[in-house]
Amino acid sequence: MVGKPNVGKSTLVNTMLGVKIAPISPKPQTTRKRVRGIHTEGNRQIVFVDTPGWHEAADALSEYMIRQITEALAEVNLVLWLVDLRHPPTHEDELVARALRPLKGQVPIILVGNKADAAKYPEAAMQAYAELLPGLESRMISAQNERDAKALRDEVLALLPEGPFFFPEDYAKGDQTPEEWAAEIVREEAMKRLKEEIPYSIATKTEAFELRDNGTFYIQVNIYVERENHKPILIGAGGRKLKEIGAAARKQLEVFLARKVYLDLQVKVYPNWRKDPEALRELGYH
Ligand code: GDP
Ligand code: K
Ligand code: MG
């Protein structure tokens, strides 16, 4: 699953799997690492790989993100290239097309025009995208529409080569640990509620994840900001913003874990972590 930021890659993976395994938000660069989503159906299995959006690298974090995409492209049997039908192609779509050119003829590449539900001129947009890398099969869909996602999933199943399962039949649908997932959900809910540069400069890390005797989970997640003056923005007046983030994340985690969750969020400063390879490793981007 590749494409520029915000075209709906994570949404499509989630709809295809029927459960949420990747965070979604209206902000670009919500997805930072590649995430696998596993769909098993009888004797067939698809391992979807959701990737960050392609963009011009600006710091160590975005270099990491681009590497996540190129590494994913090197390991897959099929590419779904997502584009946003509401708008004509931009420079970032051209970057994706350029990255996919060497794969043409090596693996099937399907050009997927997404957000058809909200597009004014979907045919014209599709035409313009198709010209970036001519000769591809193409589809128009809405990633939020279950029927569209399932039809595309069936097409993918038909195009994949035969081989052994990569994951056991009873493996969970996502390949992230519960600790990673808790951190991702907190980051998603925080990103949705932050503005300007701050959503991109936060990182989250789960520090504790325990099942207590009373049957509830205690989960402690740190939220890192790059600068001291970002802290009050994240916390909000009277702690309101942080409370909102915590309540929304807790709700998602309770659905995921089917248990009551006590979520403890702590805000910390980690100066310029996005530029520091050592910090990236520490925060789980390695
Ligand atoms: P990604 O960055 O490519 O992974 O995109 P996301 O899956 O995070 O989605 C970005 C935004 O587009 C979110 O606000 C989604 O709700 C929205 N979105 C995704 N798919 C569709 C769609 O088919 N139609 C519409 N109208 N919005 C969509
Ligand atoms: K996004
Ligand atoms: Mg995404």
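UniProt positions are given in the numbering used here, feature names are shortened, and annotations may be inferred rather than shown by experiment. The model is predicted: local features need pLDDT of at least 70, side-chain atom pairs count only at pLDDT 80 or more, and totals for chains, interfaces and linings use all residues. Residues are numbered from 1 along each chain as its sequence is written, and chains are lettered from A and ligands numbered from 1 in the order in which they are written.

**Exercise 1.** State which residues UniProt assigns to the feature "domain: Era-type G".

Solution. The unreviewed UniProt entry places this feature at residues 1-162. Over residues 1-162 the chain is 36% helix and 19% strand. Helices (H or I, at least four residues) and strands (E, at least two) are DSSP runs, numbered from the N terminus.

**Exercise 2.** Find the angle between helix 1 and helix 5, then the residues in contact.

Solution. Step 1: helix 1 (residues 9-17) and helix 5 (residues 146-159) pack at about 85 degrees, with axes 9 Å apart. Axes are lines fitted to C-alpha atoms, for helices over the stretch in contact, and angles run from 0 to 180 degrees between N-to-C directions. Step 2: helix 1 is therefore roughly perpendicular to helix 5 (65 to 115 degrees). Step 3: Leu12, Thr15 and Met16 of helix 1 meet Glu146, Ala149 and Arg153 of helix 5 (C-beta atoms, placed from the backbone, within 7 Å).

**Exercise 3.** Determine the strand order of the open sheet of three strands.

Solution. Step 1: the order is 3-4-5, with parallel pairing (at least two DSSP bridges between two strands). Step 2: strand 3 (79-84) and strand 5 (137-140) each have a single partner strand, so one side of each lacks a neighbour in the sheet.

Methods. Parallel < 35°, antiparallel > 145°, perpendicular 65-115°, else oblique. Contact = placed C-beta atoms within 7 Å.
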